[in-house]
Amino acid sequence: MENVAFNLIKQAVIYLPEDVKQALQKAYAEETSDAGRTQLKAILDNIGFAEKYQAPICQDTGTIIFYIKAGAKAKDLDKIEAALIKATRRATVEVPIRPNAVNPFTQKNSGDNTGRLIPWINWEIVQGDEIEMTVLPKGGGAENTCVMGMLVPGEGIMGVKKFVVDAVMKAGAKPCPPNILGVGIGGGSDIAMKIAKKALLRPLNLSNPDPEIAKLEKEILEAVNMTGIGPMGLGGKITVLSVNIDYAYRHPASYPVAVAFNCWAARRASARLSADGTVEYLTHTVK
Amino acid sequence: MAVYKFKTTISEEEIRKLRVNDVLYVSGTMFTARDQAHKRALDYFKQGKPLPLSLEGLAVFHCGPIVKKKEDRWTIVAAGPTTSTRMEIFEDEFIKNFKVRVIIGKGGMGKRTTEAMAKYGAVYGAFTGGAAILAAKAIKSVKNVEWLDLGMPEAMWILEVEEFGPLAIAIDSHGNNLFEDVKKKVEENKQKIYQKLGLSP
C-alpha cells in the first residue's frame with residue numbers, strides 16, 4: 001500500500017495526465033496573443049523536460065491530499081493512514097518533493113510534508129473489497145485564490161455565474177492560468193468547497209453527465225475566457241481550460257457556492273488495489 | 001520588443017534601458033527570497049546588521065526551490081517562481097535599501113513596487129509560473145545557502161545562473177506595469193461578460 005501511494009505521488013508530480021497535456025496543447029494552438037503563446041510554449045517545454053529528467057513539473061509540489069474509496073470488505077483498512085503518511089515522507093526524500101507542511105503558530109516547516117492532519121485524507125466507504133487511491137498534490141498559488149460564498153437563494157444560478165466570473169477576474173494572474181475551476185454548489189459552506197475540490201479530479205475531456213449542468217459549464221468557460229487575463233495573466237484568450245461543476249442539495253435559506261482553482265500543472269494520480277493484491281494504475285503507466 | 005542579456009552586477013543605467021514587453025536573460029548571481037527572507041533582510045537592515053552578501057545589482061528570485069544534497073553539494077531539482085504579490089508589502093523597501101535591480105517572479109506586483117522601481121531603477125521580470133525545470137536548467141550551481149532555519153522554501157539560496165529566462169519585462173523603471181494594463185482590460189471586458197451571461201451590472 002505504501003509503495004502504491006509513493007508511486008502515485010511520484011507519477012503525479014512528474015507526469016501530467018494526458019487530458020491536461022492535450023488541453024494545454026489545444027490552448028497553445030488556439031491562443032492568439034504573443035505573450036500568451038510564449039507562456040504556453042514555456043509550459044509545454046517544461047512538461048517535456050520534467051518527463052525527460054524525471055523531475056517535478058513545478059517546484060511547488062503542493063499540499064498532499066488523498067482521496068480514498070475504501071471497499072467495506074477490503075483488508076487492512078486500519079493500515080491505510082499510516083501507509084499514506086509513510087509514503088509522503090518517503091516521497092519528500094526520494095522524488096524529491098518540496099517540504100510544504102508548516103505549523104501555523106510557530107511557522108516551523110516539519111521538513112517531511114506531514115504534520116497535524118496533513119497529508120489530508122478524504123474517506124469514502126463503498127461496496128466491495130477494492131481500494132481506490134487518488135492523490136491530488138495541491139499547489140499553493142492556485143489554492144490562495146479559492147473562494148466560497150453564501151449567495152442569496154433568490155438569485156439562483158445567475159448568482160453562481162456572477163460569483164465564478166468575479167472570482168476569476170479577482171484572481172487574475174495569481175493562480176497560474178490557464179486554470180481548471182472546480183465549482184461546488186449547495187450542501188453547506190464546507191461541503192461546497194469539498195465538492196469543488198473533488199471536481200478538480202474529473203478528467204478535462206469529460207463534462208458533467210447532466211446535460212443542463214454541462215451547458216452551464218460551457219457557458220461559464222466561454223465567459224471566463226472573455227476576460228483577457230490569458231496564460232500567466234500576461235494577456236490572452238485562454239484563461240481557463242475547464243469548468244467542472246458538481247452539487248449537493250441545499251438548505252432552503254442557503255445557497256453556498258465554492259470555486260476551487262487548480263493551476264495549469266493540474267496534477268493527480270489514481271490506482272485501484274484489488275483484494276488479491278494486484279494494482280492497477282488508472283491515470284499513469286508505472287514501469 | 002527587444003531582447004537583452006545582462007550579467008550581474010547590473011547597473012542602474014542598464015536597467016533603465018528596459019521597457020515593458022522586452023525580454024531579458026540574466027547571467028551571474030541570483031538569490032531566492034520569499035516572504036520570510038524579505039522580512040528578515042529588512043529586519044537586519046533596521047537593526048544595522050549586515051546581510052550575508054551585498055545584494056546591489058543582483059537579481060532576486062521569488063522562489064522556494066526543491067533542493068537536493070548529494071554528498072556535500074546542493075543541487076537544484078526544481079525552481080519555478082512563486083506568486084510575487086505576497087512580497088508587495090516588502091519590495092519597495094527592499095529595492096530602496098539593497099539596490100537589487102531585477103525582481104523575478106510570477107503574477108506581477110503592485111503600485112508601491114512600481115513606484116520604487118521607477119525611483120531607484122529596477123525591473124520586474126515575469127517567469128512562467130510552474131516552469132520549474134526550465135528554470136532549474138539555467139541554474140548552474142548553488143553557491144551558498146543562508147537562513148536555512150527558515151526551511152527549504154523560505155531560505156536564501158544564492159545561485160549562479162546562465163541566461164536565466166526568458167523574463168517578460170512586466171514592470172519597467174519608467175512606471176509602466178503590464179499586469180495593471182491587463183487588469184484595466186479585464187475591467188473593460190467585465191460588462192461584456194455580464195451582458196453575455198444575462199446579468200445586470
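A: Two residues are in contact if their C-beta atoms, placed from the backbone, lie within 7 Å. The model is predicted, and local features need pLDDT of at least 70, side-chain atom pairs count only at pLDDT 80 or more, while totals for chains, interfaces and linings use all residues. Residues are numbered from 1 along each chain as its sequence is written, with chains lettered from A and ligands numbered from 1 in the order in which they are written.

On the chain B side, 43 residues are in contact with 43 residues of chain A. The elements of chain B that give two or more residues to this side are β4 (66-70), β5 (73-78), α5 (132-138), β9 (156-171) and α6 (178-196), where helices (H or I, at least four residues) and strands (E, at least two) are DSSP runs numbered from the N terminus. The largest share, eleven residues, is supplied by α6(B).

Within chain A, the axes of helix α6 (residues 156-171) and helix α8 (residues 211-224) come within 10 Å and cross at roughly 35°, an axis being a line fitted to C-alpha atoms over the stretch in contact and the angle running from 0 to 180 degrees between N-to-C directions. Among the residues that make this contact are Val164(A) and Val168(A) of α6(A), together with Leu216(A) and Ile220(A) of α8(A). The residues of this contact divide into eight nonpolar, no polar and one charged.

Methods:
Nonpolar A, V, L, I, M, F, W, Y, C, P; charged D, E, K, R; others polar.
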